[in-house]
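Biologist: I am new to this structure and would like to go through it with you. Could you put it on the screen, please?
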Amino acid sequence: PLDDLDRVKADPVLSKELNQSPSGCNAYYGFTTDKEPMNKVLVRRAFSHAVDRQGLIDNVLKGGQKPASVFAPPGIFGSPADDPTVGIFHDPDQARSELAEAGYPGGAGMPALTLMHNTSEAHARVAQAIQQMWKETLGVEVNIENQEWKVYLKTISKDTPVAEMPHIWRLGWCPDYPDENNWVHEVLNPTKGANNPRLSLDDPEVGALVREFNDLTIAAGKEPDPAKRLEMYKRAEQLIVYDIAAVIPQWFGTNNNVTKPYLTRHFPILGGPDIENWTIAPH
């Protein structure tokens with residue numbers, strides 16, 4: 001738990017027993033792209049540029065997470081997570097410029113907005129921190145709401161009437177298998193995937209980009225040449241997080257475990273704990 005991390009790190013015994021390893025999961029906020037004013041790509045991009053991902057990790061999460069500029073984490077085939085030329089990054093000046101260009105200089109004229117998350121103390125803290133970032137950087141007030149998990153999933157479904165949808169909502173994804181197809185295609189593809197952002201091929205503003213993303217992620221799943229697939233997914237990631245700005249990638253997760261030194265264990269990203277390979281030394 002977040003409350004225990006500082007205590008564990010400060011403890012002379014527990015700090016030596018703490019292991020922080022990649023979880024293979026991400027955390028992100030999604031936009032309801034057919035709900036005003038989030039139907040404007042400049043607004044979405046401004047909100048993403050305004051999020052200080054490293055600040056969240058340093059001041060709220062404190063679990064060794066890595067800031068995310070794209071959707072899929074390192075270790076997933078096709079992910080450009082380690083490429084500094086791809087993705088979207090914290091840029092307060094750019095955020096303010098984009099919001100002004102969208103018609104809301106300094107947040108003026110922005111309607112009431114809702115950010116929703118499923119009930120969790122950790123999610124609440126993150127939401128409050130980002131709420132403050134948006135206020136300080138963009139001059140925008142955002143209301144925070146939460147719902148229990150089962151109700152929440154129904155609320156943010158792509159079948160929910162747009163009037164009942166929050167403007168922004170949180171989700172995360174963990175791999176079923178280590179390939180970008182499981183990420184940008186199965187989660188975000190507008191015709192074949194879950195598509196919680198409600199991307200439309202007929203979007204009046206970015207429809208051509210959505211169609212490119214749609215076709216690209218379908219084709220990449222069929223392409224036999226790994227080198228070509230890498231380039232296709234690099235383009236798909238840039239489209240979804242920057243050009244279309246359907247989601248705000250936040251961080252790549254970690255597992256934080258405290259383990260006694262006489263237990264030798266492993267922390268695999270996929271498949272769960274390999275308990276059959278653990279060993280216990282005499283103590």
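Biologist: Which strands does helix α4 lie across, and at what angle does the helix run to β6?
Modeller: Helix α4, residues 53-61, lies across β2 and β6, and its direction is at about 35° to β6. Axes here are lines fitted to C-alpha atoms, for helices over the stretch in contact (heavy atoms within 4.5 Å), and angles run from 0 to 180 degrees between N-to-C directions. Helices (H or I, at least four residues) and strands (E, at least two) are DSSP runs, numbered from the N terminus.

Biologist: What kind of model is this, and how are residues numbered?
Modeller: This is a predicted model, in which local features need pLDDT of at least 70 and side-chain atom pairs count only at pLDDT 80 or more, while totals for chains, interfaces and linings use all residues. Residues are numbered from 1 along each chain as its sequence is written, and side-chain values use heavy atoms, with hydrogens and water left out.

Biologist: In what order do the strands of the sheet come?
Modeller: The order is β2-β6-β1-β5-β3-β4, an open sheet of 6 strands with mixed pairing. Two strands pair if DSSP finds at least two bridges between them. At the edges stand β2 (66-67) and β4 (142-147), and each has a single partner strand, so one side of each is left without a neighbour in the sheet.

Biologist: In which sense do β3 and β5 pair?
Modeller: Strand β3, residues 113-118, pairs with β5 in the parallel sense over 2 bridges. Met116 stands opposite Trp169 of β5.

Biologist: Let us stay in β5. Is Arg170 buried or exposed?
Modeller: Arg170, which lies in strand β5, is buried, with a relative accessible area of 13%. Buried means under 20% relative accessible area, exposed over 50%, and partly exposed in between (1.4 Å probe, protein chains only).

Biologist: What does Arg170 touch?
Modeller: Not counting residues up to four places away in sequence, Arg170 touches Tyr28, Tyr29, Met116, His117, Asn118, His123, Trp149, Tyr152 and Ile156. Its side chain has a polar contact of 2.6 Å with that of Asn118 and another of 3.4 Å with that of His123. A polar contact is a pair of N or O atoms within 3.5 Å; within protein, one must be able to donate a hydrogen and the other to accept it, and residues adjacent in sequence count only if both atoms are side-chain atoms.

Biologist: Which residues form a network with Asp3?
Modeller: Asp3, Glu121 and Arg125 are linked in a network of salt bridges.

Biologist: One last topic, the backbone. Where is the cis peptide bond?
Modeller: The bond from Glu36 to Pro37 is cis, with omega near -5°. Pro37 sits in the loop between β1 (18-31) and α3 (41-49).

Biologist: What is the phi of Asn195?
Modeller: Asn195 has a positive phi of about 50° although it is not a glycine. Most residues other than glycine have a negative phi. Asn195 lies in the loop between β5 (168-173) and α8 (207-220), and it counts as buried at 4% relative accessibility.

Conventions
A salt bridge is a side-chain nitrogen of Lys or Arg within 4 Å of a carboxyl oxygen of Asp or Glu.
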